[in-house]
Amino acid sequence: MTNQEIVSKLWNLCNVLRDDGITYHQYVTELTYILFLKMAKETGTESQFPEEYRWDRLAGKSGLELKGFYKKLLAHLGEKGTGRVREIYQGAATNIEEPKNLEKIIATIDGLDWFSAKEEGLGGLYEGLLEKNANEKKSGAGQYFTPRVLIDVMTRMMKPQPGERCNDPACGTFGFMIAAYQYVKDHTDDFWSLEGDLPEFEKKEAFSGCELVHDTHRLALMNAMLHDMEGPIFLGDTLSNFGKQLSGFDLVLTNPPFGTKKGGERAARDDFTYSTSNKQLNFLQHIYRSLKADGKARAAVVLPDNVLFSDDDGEEIRIDLMDKCDLHTVLRLPTGIFYAQGVKTNVLFFTRGRTDKGNTREVWFYDMRTNMPAFGKTSPLKPAHFAGFEAAFTAGDRRAVQDERWSVFTREQIDKKGNSLDLGLIRDDSVLDYSDLPDPADSAEETAAQLEEAVDLLNSVARELRTRMGAQ
């Protein structure tokens with residue numbers, strides 16, 4: 001049985017819970033509690049659980065006894081557990097009211113082909129479950145799930161290296177950091193034989209994140225654990241003063257949440273230069289301030305279109321970004337790749353300068369939005385769609401790239417456009433065939449000629465009328 005088949009089987013269990021009124025997101029959280037116990041048994045790491053609260057004890061009960069034991073297990077692990085166990089189960093509570101439903105979930109999980117699952121990787125299995133949840137519109141989970149293909153492209157372009165500190169300040173289920181960790185392992189010969197403490201550093205310190213939503217934080221912890229990562233994942237608000245500690249990074253990869261602060265209140269960070277209720281602008285401020293000012297620290301950030309053109313504080317923040325960093329590339333993403341259809345997004349790639357002024361001299365734009373296929377659940381974004389962008393991004397001489405989607409604007413040109421970065425979109429043939437439009441000058445001449453003919457005709461008619469009236 002493949003991981004994909006296991007994911008489908010696990011996902012179908014949500015039908016069992018409909019009568020309990022459990023949402024898709026609650027279901028994934030509930031599965032996480034139970035899967036964690038089972039996976040600990042399968043991977044031989046049950047020692048992190050008290051003996052009386054391990055998988056076999058849970059699987060051996062039924063009916064009301066099972067329901068009561070399960071509630072006790074969640075409470076005990078959340079209050080008295082240690083390390084990752086306590087973090088994952090902290091505040092845990094079950095929404096399953098019917099004992100038979102709980103029995104069915106446990107029996108199904110126990111009967112899965114765990115040998116095959118381990119062969120393919122338990123981390124991949126769990127990520128498949130998270131992706132399934134994100135693709136289910138009713139779950140609302142798409143808001144924190146970035147398409148894997150986009151994560152991989154951003155990671156490849158940023159090339160994380162051993163020894164670097166990487167962070168995602170709005171980490172969701174930790175997808176960016178898992179991709180960065182995998183990139184380092186895949187591109188480092190004999191990774192586990194790195195010098196000194198580097199292997200331990202990579203596993204326990206190099207990759208960190210912060211997540212505001214408790215249930216999502218729980219999923220991130222589980223995801224990291226299944227990928228053998230133990231870096232800190234904080235439960236907190238990056239846009240509060242808590243976020244001040246998230247600094248000194250070599251690389252930031254992230255897709256911050258869209259929208260404004262609830263109720264329109266301003267961000268609580270007292271160290272931001274520009275005060276705004278726009279969450280993306282605040283995240284952008286945090287990100288470029290969190291990078292080391294060494295000329296090498298870099299970031300790739302998904303942001304909506306309004307960040308590119310919003311006035312007042314938005315313009316000031318863009319100016320500050322282009323002063324402190326070399327904003328070298330903006331990728332205009334296609335619509336339909338996130339949970340909300342029609343949301344227009346971009347990826348900003350920038351490198352923190354050693355000084356705070358004059359770091360951006362020109363910005364390259366790649367338009368993956370105009371004249372592209374309609375993306376969605378049935379036609380997902382694929383690696384091949386990024387081939388042109390990757391070729392342009394990595395070209396030794398960007399000016400030698402022959403691609404109509406690739407364009408450049410100097411800092412002076414951007415300044416003359418009011419520091420707007422809403423640039424680089426090519427002609428949209430789906431809107432209008434520009435080649436069929438008449439030349440404006442020709443059109444004006446033709447209109448004038450038509451008016452002149454009409455006036456001559458009216459004058460002719462008037463003369464004819466006067467002639468007839470005189471004859472009478």
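## Where β5 meets β7

Pro304 has Thr345 in β7 as its bridge partner. The strands involved, β5 (residues 298–304) and β7 (residues 345–352), run antiparallel and share 7 bridges. Two strands count as paired here if DSSP finds at least two bridges between them; strands (E, at least two residues) and helices (H or I, at least four) are DSSP runs, numbered from the N terminus.

This is a predicted model, where local features need pLDDT of at least 70, side-chain atom pairs count only at pLDDT 80 or more, and totals for chains, interfaces and linings use all residues. Residues are numbered from 1 along each chain as its sequence is written, and side-chain values use heavy atoms, with hydrogens and water left out.

## The sheet around them

Zooming out, 9 strands make up an open, mixed sheet, ordered β3-β2-β1-β4-β5-β7-β6-β8-β9. β3 (233–235) and β9 (406–410) are at the edges with a single partner strand each, so one side of each has no neighbour in the sheet.

Helix α9 (residues 148–158) packs on this sheet and touches β4 (251–254), β5 and β7, contact being heavy atoms within 4.5 Å. Its direction makes about 150° with that of β5; axes are lines fitted to C-alpha atoms, for helices over the stretch in contact, and angles run from 0 to 180 degrees between N-to-C directions. Helix α13 (residues 279–290) lies across β4, β5, β6 (325–332) and β7, at about 175° to β5.

## A charge over a ring

Arg398 puts its charged end over the ring of Phe393, 5.1 Å from the centre. The cut-off is NZ of Lys or CZ of Arg within 6 Å of the ring centre and within 35 degrees of the ring normal. Lys61 likewise lies over the face of Phe69, at 5.0 Å from the ring centre.
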